[in-house]
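Here is a short tour of one structure, with a look at its strand pairing and its aromatic rings. Please keep the 3D view open while you read.

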Amino acid sequence: MEIIKANYFVSKDKFKSIRSPERVVENYEFELYIKGEGYSIIDGVKYPYTPGALVLARPGTKRYSYGAFECFCIHFMPQKDDDIIDVIDKFPLWYKPKNLREIEKIFSNCERRGEFNKNDNMYISGAVLQLVAVLNDMLYPFGENKISKYSRYLGEIVKAKNYIEINYGSKIT
């Protein structure tokens with residue numbers, strides 16, 4: 001996994017106006033908003049960034065932000081054949097976790113190591129995996145989004161299982 005950056009971002013320090021320039025996302029971006037009000041536009045859809053909101057941008061999406069904000073951010077790119085891509089790609093682009101403590105700690109620890117020597121890159125890569133595991137457990141508490149070579153078929157398998165259970169009267173598993 002390549003870590004691009006892990007830091008605490010203050011929009012007023014980077015942008016002169018409250019609207020950031022539109023750009024095409026080159027890697028995965030997790031952002032945990034700490035302060036501010038506004039929104040991020042990703043592929044034409046508006047996602048609010050109130051404190052505690054987590055935004056995910058995927059490679060190839062177009063995005064910009066509107067409003068002043070502060071956030072922790074981790075930008076990274078997994079290897080092309082990494083199973084983590086299948087898991088992350090099932091995550092919603094916006095999520096407001098009920099329990100922020102663990103997620104905030106992961107972001108905060110990464111930000112402190114944002115200097116990027118070899119050990120920091122390894123630490124932050126591990127933290128990204130931890131973040132994905134924590135989010136996966138929060139979003140899919142019953143294990144619907146498992147990491148395996150069959151991950152890409154999971155949605156269809158769950159739909160088929162649900163259809164059979166509804167239409168044939170007895171539970172499977």
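In which sense do strand E4 (residues 39-42) and E7 pair, and over how many bridges? They pair in the antiparallel sense, over four bridges.

## About the model

This is a predicted model, where local features need pLDDT of at least 70, side-chain atom pairs count only at pLDDT 80 or more, and totals for chains, interfaces and linings use all residues. Residues are numbered from 1 along each chain as its sequence is written, and side-chain values use heavy atoms, with hydrogens and water left out.

## Strands around E7

Strands here are DSSP runs (E, at least two residues), numbered from the N terminus, and two of them pair if DSSP finds at least two bridges between them. Within E7, Tyr66 is the bridge partner of Tyr39. E7 (residues 62-66) also runs antiparallel to strand E2 (residues 23-24), joined by two bridges; Val24 has Lys62 as its partner there.

## Aromatic rings

Rings of Phe, Tyr and Trp (its six-membered ring) pair if their centres lie within 6.5 Å; planes under 30 degrees apart count as stacked, over 60 as edge-to-face and the rest as tilted. By this rule there are ten aromatic pairs. Tyr8 and Phe72 form an edge-to-face pair, because their centres are 5.0 Å apart and their planes lie at 75 degrees. This pair links distant parts of the chain, 64 residues apart: Tyr8 is in strand E1 (residues 2-10) and Phe72 in strand E8 (residues 69-77).

Elsewhere, ring pairs link Phe9, Phe15, Tyr33, Tyr49 and Phe69 into a cluster.
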